[in-house]
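Hello,

Here is the structure I promised to pass on. Please have a look, then read my notes below.

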Amino acid sequence: AKGRLLGIQFCEFFQDTLYMEIGTRAVQQAERIKLAFKAKGYDAMVDSPTNQQFFCLPNDEIDRLRANDISFELWGAKGESHSNVRFVTSWSTKDSDVEELLRIIGN
């Protein structure tokens, strides 16, 4: 029964263009984040065309993001003063959430 319910969800997910619509939205939000960090001069770990963006940030900037309740994942230290981080967007990422991040980083 559980497998059937999962199958129904996937069947609906791939109907028409739903998968592409929600995937496109997530990638667009991630692109906004990527452009903002690049505009601030931060180095991308990789030029990701996906809903995941990876940056090397100064640790004091990471602390500032955490203090403002920005959600991201720490991917490890890079030297003593910088760390790698990952930002992930989804179909449910709100414009207001991205705008708040952009405001905090100064874009």
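Met20 counts as exposed because its relative accessibility is 55% (exposed is over 50% relative accessible area, buried under 20%, partly exposed in between, with a 1.4 Å probe and protein chains only). Met20 sits in helix H2.

Before the rest, some ground rules. This is a predicted model, where local features need pLDDT of at least 70, side-chain atom pairs count only at pLDDT 80 or more, and totals for chains, interfaces and linings use all residues. Residues are numbered from 1 along each chain as its sequence is written, and side-chain values use heavy atoms, without hydrogens and water. Helices (H or I, at least four residues) and strands (E, at least two) are DSSP runs, numbered from the N terminus.

Positive phi: Asp16 is not a glycine, yet its phi is positive, about 50 degrees. Asp16 lies in the loop between H1 and H2. Asp16 is exposed, at 77% relative accessible area. Asp69 also is a residue other than glycine with a positive phi, near 60 degrees. Asp69 is in the loop between H3 and strand E3 (73-78). Asp69 is exposed too, at 71% relative accessible area.

Best wishes
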